[in-house]
Amino acid sequence: SKRYNVTILPGDGIGPEIMRVARSALEAAGARADVAFAFEEGLVGGSAIDAHGTPLPEETLEMCKASDAVLLAAIGGYKWDNLPSAERPEQGLLGLRAGLGVFANLRPANVLPQLIEASTLRRDVVEGTDIMVVRELTGGIYFGKPKGFGVNDAGERIGFNTMVYSEPEVDRIAKVAFEIARKRKGRLCSVEKANVLEVSQLWKERVIETHKQFSDVELSHMYVDNAAMQLIRNPTQFDTIVTGNIFGDILSDAASMLTGSIGMLPSAAIGLEGPGLYEPVHGSAPDIAGQDKANPLAQVLSAAMMMRYQFGEEGIASALEKAVNDVLDDGYRTGDIMQEGKTLVGCVKMGELLLAKL
Ligand code: NAD
Ligand code: IPM
Ligand code: MN
């Protein structure tokens, strides 16, 4: 029997609630496939600040690096919202992504037939949506220097960040995106703001250059403002999207509403080798934390992505996805995806229903 070492990082807010569900779902699905997990739990984000005074303790990063994969829930919350940016929970997450070198963030948004009516958009608009957003995750404006606070020539206080990409950074994310598009419907849309930003002009040039190795993939280009509009207007025009860090952050949240709720969206962050970081697209949802209202399905689907992308365990990945599908078929819904005629359940109950399917 196989055994995988997985670091789990429950984080803050609804994190521990949804992680509990994902962990037991993994154990159940693994047991049926003769796969065992050695889980080790680490602290990151606000909980790490409270325990160790830093959002990413050295021991957490080391634990993650030494494991086969990392499953993260979410970090952040009101309690830490007024800390200086370098000390905030979010820095723990950014440090983790950088420390693990997971530069490619795969954020799929596909509309499940059961949830079409849960979307705020019309059925005929969202039906058939199946998009993969490939977001660059360890560069761009999140990491660019110089950054900070200062004073301008007029003596006014300023805050500033730098959006920067190097050619190798663009080349490697473009390559990942072309490879993914090739295995999907063969269409890649590169999203940038090359009509204004030099960083985007370089991005576009390198994507066009990388395309030469992937001439079987159809490449198109779109400005990010138009892309935000097109995602809502006609999402089925997209197959695979590749974009920079902040544009990908925003577009993936927008894409989540095509699927009914951000509580449904998983993601996988991978590098060239080593453990990947698997986490939902949503945050710690402090507004509903501790109330048993969270939707754990994005977390469970993130665990499924871990099984597929890290371990090649397609059987376990599809078993988890099928369990999600089955509980939705049975009419069970958490508040965020609730519709008339369905049965409202909490996070714990949703977990029990999933386990019964596994
Ligand atoms: P959020 O995604 O946490 O919440 C936005 C809204 O969606 C809230 O109303 C929330 O209740 C709802 N929601 C999110 N996930 C849900 C789920 N699984 N089930 C049901 N409803 C859900 O975004 P926010 O409120 O802007 O941020 C809250 C905190 O989370 C901030 O500190 C932010 O920095 C952090 N954050 C962390 C991550 C991460 O860890 N990957 C991602 C995004 C935001
Ligand atoms: C996400 C989050 C993070 C990001 C924050 C919490 C640092 O919004 O994972 O989408 O901006 O990448
Ligand atoms: Mn985000």
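## Helix α10

In this predicted model, helix α10 covers residues 297-310.

Just after α10, Gly312 adopts a positive phi of about 65 degrees.

## Overall fold

The protein chain contains 12 helices and 14 strands. For 358 residues, a compact globule would have a radius of gyration near 21 Å; the chain has 20 Å, which agrees. Along the principal axes, the C-alpha atoms fill a box of roughly 60 × 50 × 40 Å.

Of the 358 residues, 48% count as buried. Among contacts between residues at least 6 apart in sequence, 74% join residues at least 24 apart.

In one of the pairs, Ser190 has Val242 of β10 as its bridge partner.

## Surroundings of the ligands

Ligand 1 has 21 residues around it, of which Gly76, Gly263, His282, Gly283 and Asn295 come nearest. By class, this shell consists of 10 nonpolar, seven polar and four charged residues.

The residues around ligand 2 are Gly76, Glu90, Leu93, Leu94, Asp249, Val281 and Gly283. They divide into three nonpolar, two polar and two charged residues. Helix α4 (residues 89-100) gives the most to this shell, with three residues.

## Gly351 in helix α12

Gly351 lies in helix α12. This glycine counts as buried because 23 C-beta neighbours lie inside 10 Å, where the threshold is 20 or more. Leaving aside residues up to four places away in sequence, Gly351 touches Arg20, Val21, Ser24 and Pro296.

Gly351 and Gln91 are 260 residues apart in sequence, and their C-alpha atoms are 30 Å apart in space.

## Backbone exceptions

Most residues other than glycine have a negative phi, and most peptide bonds are trans. Asp34, in the loop between α1 and β2, has a positive phi near 60 degrees. With 8 C-beta neighbours inside 10 Å, Asp34 counts as exposed. Ala285, in the loop between β12 and α10, also has a positive phi, of about 40 degrees. Ala285 counts as buried, with 24 C-beta neighbours inside 10 Å.

A cis peptide bond joins Lys145 and Pro146, with omega at about 5 degrees. Pro146 is placed in the loop between β5 (130-136) and β6 (148-151).

Notes
Residues are numbered from 1 along each chain as its sequence is written. Chains are lettered from A and ligands numbered from 1 in the order in which they are written. This is a predicted model: local features need pLDDT of at least 70, side-chain atom pairs count only at pLDDT 80 or more; totals for chains, interfaces and linings use all residues. Helices (H or I, at least four residues) and strands (E, at least two) are DSSP runs, numbered from the N terminus. The radius of gyration is taken over C-alpha atoms; the globule rule is 2.2 Å times the number of residues to the power 0.38. A residue is buried if 20 or more other C-beta atoms lie within 10 Å of its own, exposed if 12 or fewer, and partly exposed in between; C-beta atoms are placed from the backbone. Two residues are in contact if their C-beta atoms, placed from the backbone, lie within 7 Å. The expected span of a helix is 1.5 Å times one less than its number of residues. A residue is near a molecule or strand if its C-beta atom, placed from the backbone, lies within 6 Å of it. Ala, Val, Leu, Ile, Met, Phe, Trp, Tyr, Cys and Pro count as nonpolar, Asp, Glu, Lys and Arg as charged, and the others, Gly among them, as polar. Two strands pair if DSSP finds at least two bridges between them.
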